[in-house]
Amino acid sequence: AWPATASAWPTIQATGTAAGQVVTFTSGSLVAGTLYCFNWTNSAALTVGTAGSYTGTVATNVDTATPFATAAIADDQIVVNASVAPSFTFAISANTDNLGQLSTGSVSSSPTPRTATVNTNAKNGWYVWAKDANTGLSSVSAASTIASTTPGTNSTLSSGSEGYNTGVTSSQVGGSGTITVATAFVGGSTGRGGGLDTSLRTVASSTGTANNAVLTLTNNASISSLTAPATDYTDTITVVGAGLF
């Protein structure tokens, strides 16, 4: 590579051999004060002698001989090595979700949906799974459960009918991956989502790296006029994530 300010040496040619210690370069007209450079077209003609220092002289048709010094070394390359550790972080925004008092007149949804955030350099992507403890909202005092709505399939709850599901939406700041929410858990509208049970089910996945990939988890519940009254309906949802390195 030439210095940025260099110009191509016009019509330069060489005669003679370095073995004979005299090489004559001829060229076109040069401009004073200009830095000229050239490349060897036959790299095989260039060899490095025994490592050490070399001296000689350069003479032109207008100047007397000027001494110079150069050096040859056995290896002029530096191999740079580094490593990057696999990285995967997974965080839940909070650990409670209070749906409040349920009513037959409407579907209740998470007032502040919790989020699961993924950051990873896993080139093959990541997965997030979820399960729940009761396959529904369960009350010990009433010995009653508002059952998860058809686990593994997508549903939209309606007021006046018992149901319980989780809807998922996604967003991402950056990364090479594309997020896909599992069909059963696609949310985005009131009461839409998928039922959870005690088996870990895939809720979302991605095809590549992630910078602040966020899954928003909205829990939905509805009751009928026959749902047993109680103040201790509860469920525990476990959310798990992993990178594919």
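**Entry 1: Asp97**

I started with Asp97, which sits in the loop between β7 (88-92) and β8 (108-109). Strands here are DSSP runs of E with at least two residues, and helices are runs of H or I with at least four residues, numbered from the N terminus. A note on what I am reading: this is a predicted model, where local features need pLDDT of at least 70, side-chain atom pairs count only at pLDDT 80 or more, and totals for chains, interfaces and linings use all residues. Residues are numbered from 1 along each chain as its sequence is written, and side-chain values use heavy atoms, with hydrogens and water left out.

I then looked up its partners, skipping residues up to four places away in sequence: Asp97 touches Ser110, Pro111, Thr112, Arg114 and Asn219. Contact means heavy atoms within 4.5 Å. I also checked Asp97 against Ser159: they are 62 residues apart in sequence and 20 Å apart in space, C-alpha to C-alpha.

**Entry 2: Asp132**

Next came another aspartate, Asp132, in strand β10 (residues 126-132). Asp132 is buried, with a relative accessible area of 3%. Which residues does Asp132 contact, leaving aside its neighbours within four places in sequence? I listed Ser148, Tyr164, Leu196, Asp197, Thr198, Asp235, Thr236 and Ile237.

**Entry 3: Ala14**

I moved to strand β2, where Ala14 has its place. Ala14 is partly exposed, at a relative accessible area of 43%. Not counting residues up to four places away in sequence, Ala14 touches Val23, Thr24 and Phe25. The C-alpha atoms of Ala14 and Phe25 are separated by 4.4 Å, although the two are eleven residues apart along the chain.

**Entry 4: aromatic rings**

Phe25 sent me to the rings. Trp9, Phe25 and Phe38 form one aromatic cluster. How many aromatic pairs does the structure hold? I have four in my notes. Rings of Phe, Tyr and Trp (its six-membered ring) pair if their centres lie within 6.5 Å; planes under 30 degrees apart count as stacked, over 60 as edge-to-face and the rest as tilted.

One of the pairs is Trp9 with Phe38, edge-to-face at 5.8 Å centre to centre and 70° between the planes. This pair links distant parts of the chain: Trp9 is in the loop between β1 (7-8) and β2 (13-17), and Phe38 is in the loop between β4 (36-37) and β5 (52-58), 29 residues apart. Trp9 is partly exposed at 27% relative accessible area, and Phe38 is partly exposed at 29%.

Tyr127 is partly exposed, with a relative accessible area of 31%, and Trp129 is partly exposed at 25%.

**Entry 5: positive phi values**

Thr135, in the loop between β10 and β11 (136-139), has phi near 50°, a positive value in a residue other than glycine. Thr135 is partly exposed, with a relative accessible area of 28%. Ala143, in the loop between β11 and β12 (144-147), also has phi near 50°, again positive in a residue other than glycine. Ala143 is exposed, at a relative accessible area of 73%.

**Entry 6: the whole chain**

Last, I stepped back. The chain has zero helices and 19 strands. Its radius of gyration is 37 Å, well over the 18 Å that the globule rule gives for 245 residues, so the chain is more spread out than a compact globule. The radius is taken over C-alpha atoms, and the rule is 2.2 Å times the number of residues to the power 0.38. Along its principal axes the C-alpha trace spans about 110 × 35 × 25 Å.

Buried residues make up 28% of the 245 residues. Of the contacts with a separation of 6 or more, 71% come from residues 24 or more positions apart.

Definitions and conventions. Buried means under 20% relative accessible area, exposed over 50%, partly exposed in between (1.4 Å probe, protein chains only).
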